[in-house]
Amino acid sequence: MSEQREFTIEEVAQHNTEGDLWIIIDSKVYDVTRFAKTHPGGSNVLYAEGIAGKDATDTFFGLHRHEVLLRPHNARLQIGVIRGQEESIPPPIPGALSQVPYGEASWLVKGYHSPYYTDGHRRFQKEVRKFFEEVVKPEALDCEESGKRISQEVVDKLAEANLIAMRLGPGKHLKGRTLLGGIVKPEEFDYFHELILNVEMSRFGTRGFTDGMLNGAVIALPPIWNYGSPELQAKVIPEVLSGKKYIALAITEAFAGSDVSGLQTTAVRDGDYWIVTGTKKWITNGLFADYFTTGCKTETGLTVLLIPRGEGVETKPVKTAYSLTAGTAYVTFEKVRVPVANTLGKVGNGLSVILSNFNHERWMVTGSSVGAQRVIVEECLKWASQRIVFGKPLTAQPVIRAKLGAMIQRIEACQNWLESITFQMNNMSYDEMSSKLAGQIGLLKQFVSKSGRETAEDATQVFGGRGLTTRGMGKLIENYHRTSGFDAILAGAEDVLGDLGVRQAMKRMPKNARL
Ligand code: HEM
């Protein structure tokens, strides 16, 4: 910034009338004479004694998020600084770690240790956070509000950094790619790197956008490389990983959710084609998908087909509690002709294609939930410390401290269990993961999503009315409170998953186990 004009506190105090109004916020002087008339909080609050011509730092930060001052049109109101004073509340630096206790997972906190993460993971985390904050966050905030889908420009940047490919986890699809400017080698990329991506992208409080950020690819592409023909793989995988085409997983229907075997979309053979008729609901990214990895009922059981958007395929928006930016769709297939070559896996074997894919998706959901939950804990710790009620910070109230304690316990428990399972994933084959971790991941997901909703409730109590407001101080709490339920439903309802975990354990009970 160019040389700032300097003022004394006494000079600023002269400008304390409706026609000539200055205020000081954190050593900076703002001329709000004209702004007062359009101030969203009203003009009279700015003319008040103790504000007009005065240092309003504490009052300001009790009512606004820091970002308000950083928006270019507000930053322009600054006309100088107070001589001899230093800024004490610096603006956030993109990529920087939070200094708030429990604001970061302990592996990122100086002086703490982890058996899982290396310095390579730490470098990766830093770059990823910076990338997301600089490249993705501004658009995420806009789209969450407007409902617009992610722009091709941002998708191109994600593709260029190979983030779309990395979000699909470790594997041969990363071979030969330069990952985020070469920060990690493809053969070194592991499930902890992927976990870092899932955690980091859920930190802006824009849940709809986060799901719109090509979650469809993460869940709809693996069936193609695990079960698709080489020709199909050679065509579709590069198209999707380069961000040129979009894909969605189309399993759930109004007729069947967690009960996958109850699907009613049918595929009937007609020579070299399947004729597909039916509907799908709650299809994330479906509004803008070019391909649908679709569960269909066939003569001998379920079969998964890759259906390109074309004649007979229609999508319309499903309005949910979160933003339309996620592209959530109702999809209708009306006698759609799909080449038999687009069959994924064996005919009638669709259930195992679908189920084998679920573990990874459920694990991904827990990662993004943990990322979002931790931000909520941080927001609450900050707010409870800065908010003055009955003449004291909120943290002076035992009931608030008890809520903070419960939130911290939950996020730490979720984080640690998730990391332990991630470590197992790093050391197991895909098949082993399916057989040994499906139950654990089911239980984990239930635990994490329940914890998230409890934290959302507690956070709303801590923030009061602000926790119900889509803008301002409590906007992240409001978004999380409204959207944390998605974690409990997407990729399998939490109660069904918890039960799956227990049933899997029952299967492995030794016949001779006795007290
Ligand atoms: C450069 C100085 C200021 C700017 C740019 C500014 C801007 C804003 C904005 C954008 C909002 C809308 C809510 C939000 O986005 O957080 C707002 C709300 C508000 N502002 Fe300011 N403001 C300034 C100074 C002040 C000061 C000094 C006061 C002192 C009383 C004040 C009192 C309020 C109040 C009471 C609200 C309503 C808060 C709510 O609804 O929760 N503002 N301000």
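Trp282 is found in strand 8 (residues 273-283), where strands (E, at least two residues) and helices (H or I, at least four) are DSSP runs numbered from the N terminus. The model is a predicted one, in which local features need pLDDT of at least 70, side-chain atom pairs count only at pLDDT 80 or more, and totals for chains, interfaces and linings use all residues. Residues are numbered from 1 along each chain as its sequence is written. Trp282 is not a glycine, yet its phi is positive, near 65°. With 21 other C-beta atoms within 10 Å, Trp282 is buried; a residue is buried if 20 or more other C-beta atoms, placed from the backbone, lie within 10 Å of its own, exposed if 12 or fewer, and partly exposed in between. A positive phi, about 50°, is also found at Phe390, again not a glycine. Phe390 lies in the loop between strand 14 (388-389) and strand 15 (392-393), and is exposed because 8 other C-beta atoms lie within 10 Å.

The protein chain contains 18 helices and 15 strands. Its radius of gyration is 26 Å, close to the 24 Å that the globule rule gives for 515 residues, so the chain is as compact as a globular protein of that length. The radius is taken over C-alpha atoms, and the rule is 2.2 Å times the number of residues to the power 0.38. Along the principal axes, the C-alpha atoms fill a box of roughly 85 × 65 × 40 Å. Buried residues make up 44% of the 515. Of the contacts between residues at least 6 apart in sequence, 73% join residues at least 24 apart, a contact being a pair of C-beta atoms, placed from the backbone, within 7 Å.

The largest nonpolar core has 116 residues, of which Ile247, Val276, Leu305, Ile307, Ile376 and Cys380 touch the most other members. Such a core is a set of buried Ala, Val, Leu, Ile, Met, Phe, Trp, Tyr and Cys residues joined through C-beta atoms within 7 Å. Helix 14 (residues 350-386) supplies the largest share of this core, 15 residues. Apart from it lies another core, of 13 residues, among them Val12, Ile23, Ile25 and Leu46. When residues up to four places away in sequence are left out, the contacts of Leu305 include Ala267, Trp274, Val276 and Leu344.

Val365 is found in helix 14 and counts as buried, with 27 C-beta neighbours inside 10 Å. Beyond four places in sequence, Val365 is in contact with Lys445, Asp487, Leu490 and Ala491. Val365 and Asp211 are 154 residues apart along the chain, with their C-alpha atoms separated by 9.9 Å.

The ligand is surrounded by 20 residues, the closest being Pro40, Gly41, Ala56, Asn74 and Gly472; a residue is near the ligand if its C-beta atom, placed from the backbone, lies within 6 Å of it. Helix 2 (44-47) and helix 3 (57-63) each supply at least two residues of this shell, and helix 3 gives the most, with three.

UniProt, in an unreviewed entry, places the feature "domain: Cytochrome b5 heme-binding" at residues 4-83; its annotations may be inferred rather than shown by experiment. Over residues 4-83 the chain is 30% helix and 24% strand, with the end C-alpha atoms 10 Å apart.

Notes
Two residues are in contact if their C-beta atoms, placed from the backbone, lie within 7 Å.
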